[in-house]
Amino acid sequence: MHDGFIGLSESWPLPFRDIEKQFSLIGQDLQRVQNAIETIRTDVGKPIPIDDVDMPDMWCAIEYLSESLADLQATMGSPSIDLTGINKKLHDLEVAHAASQKLISDLRRLSVDYEARFSMIGPVLMQCKNAMLSPGTLGTGGSHYGLEDLQRRLSILESGSIGTGSRGLEDRLARLELQHLSGGVTVAPTGDVGLLRDSLAKLSKQVETLERRVVGDGLSIGMYVFQSFEDLRVWMKQNVKNNRYGLFVDVVALFELFCTKHVDTATTIGTYHSSQRTGFTSMYESTLAASMLNVLPTLLGKGSTDGLDTSRFLPGLTNADKWSHNGVSGLCFQIERELPNVDSQLGAEINTVFRDFPEAAGLARECLFRSKIFIAELCQFITNDLEFWVGRRYSRIDAWALVCQSIRRIFEEIHSERVYGRHVKSTDDDVTAAKYLWAVLKAHKVMQEFSTRDFTKHPSISAVVARHLAMNHMKPDEDKKLEAQVRHCETSLKDLARRFDTLDSRVTNKLGKLDGGGGGGGGKGGRGKQGKGEADP
């Protein structure tokens, strides 16, 4: 504006140029007005739209707000609005908002936790995936597992007792974390095949640990677990050469290998010939097959008569002296001396036949070792049980009869599982071999039960003892009757003793009188003879 006045003053004619002088103070007034407007803007603030309406000045905005406030007060004063309900809804919304915030916090924490877990096991899973796509990287020592074998093993695990719920998954994931922190899982760098194989070997061992959990009717012996008969059949087809099932023994089969008596050469040759003609690979297989038909092994069950023995003693041990006589002879000591020989014989055969099959050799040695231990424990039990009953003032023959009952029950329990291998010889050699081995492993399961319970605590042995005690138990009323009978016998005995004393005194008196009378007669006779003699001269 000041510049406009200057331009106006220059454009006017000279007589009128003194107007600027007259109005020189207008520019200063305008400057002061502009400064006041800037001060108002600073104090009041910049204008903003209210309900999308640009107010021309502050007073219009204040008037608009006052009208809006009046309308709001009128609305709040209206009876149609339920303020209590609105407040309740606001409170519910606040509670829901707080719960939602807590859930969001928990979800964030779980997300961070699982993200950390996945970051730990993610590389291992990726390496496993890459290894599955690359052939030849699944080797673990001397064993090689293909994709089909792994799928079969995983399906067996999933069908077992392993939980598949969220809690079970969390537990398994926690175990993986602990194994990772303790060095149980080694994360191999990408491209390092050696470390990758080590990691896969450790993971394979963990899977094998899960597989060793017996489910249902499965069998377990040492480190070997077979969940079903079909599982054992597949294992034998892969690991047992020429179906040499005769090298897997239990207590009965091992007893059959003992040298119990002299065998003629002709008999031995005939036995070998018959074994080969019937299709048995060796005498070990024929001996095992024959042992399945008997309850007792030969050295305990071979008697002078054939057929089922129902006597109170064992057919091969009719008295306790045949088991142990004076502590230096008997079947007990023969077993003790023969056991190392059979161990060496069978161990050498296992090493030769299963030289290229370490899995089969390991299982055969495990069966042999457990059978030896069971025989040693059985002999100790027989000796201790005999001494126990003799120490209870039983006669030696009655004590041995009771021990024979316990021995018979032990082998009857074992035979109840070995019947699976009776008359199973068929054209399918794989099935036959698997059935024989299955029967042997089931027998080992019963043997383990007796050993774990120390024989005497096994239900079968406890039943023998309980039955014996029940048969020899005396009831309280019978005890009173017996006491009355004893008192009656004592009274009768005293009466007989008194009568005997009376009779004895009478006999003594009679003998005294007889002795006195005989002496007098002799005297008289003497005197008569003496008088006669005197008269003779």
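## A buried tyrosine and its partner

Tyr245 is buried, since its relative accessibility of 4% falls under the 20% limit that defines this class. The model in which this value was computed is a predicted one, and it holds 12 aromatic pairs.

One of these pairs joins Tyr245 to Tyr436: the ring centres are 4.8 Å apart and the planes meet at 20°, so the pair is stacked, given that planes under 30 degrees apart count as such. Tyr245 belongs to the loop between α9 (229–239) and α10 (251–256), whereas Tyr436 belongs to helix α18 (residues 429–452), and the pair therefore ties together parts that are 191 residues apart in sequence. Tyr436 is also buried, with a relative accessible area of 3%.

## A tilted phenylalanine pair

Phe374 and Phe455 form another aromatic pair, this one tilted, with 5.5 Å from centre to centre and 40° between the planes. Phe374 is located in helix α16 (residues 358–391) and Phe455 in the loop between α18 and α19 (459–471), so that this contact ties together parts that are 81 residues apart in sequence.

Both partners are buried: Phe374 has a relative accessibility of 1%, and Phe455 has a relative accessible area of 2%.

## The cluster around the pair

Phe374 and Phe455 are also members of one aromatic cluster, which they form together with Phe381 and Phe450.

Methods
Residues are numbered from 1 along each chain as its sequence is written. This is a predicted model: local features need pLDDT of at least 70, side-chain atom pairs count only at pLDDT 80 or more; totals for chains, interfaces and linings use all residues. Side-chain values use heavy atoms; hydrogens and water are left out. Rings of Phe, Tyr and Trp (its six-membered ring) pair if their centres lie within 6.5 Å; planes under 30 degrees apart count as stacked, over 60 as edge-to-face and the rest as tilted. Helices (H or I, at least four residues) and strands (E, at least two) are DSSP runs, numbered from the N terminus. Buried means under 20% relative accessible area, exposed over 50%, partly exposed in between (1.4 Å probe, protein chains only).
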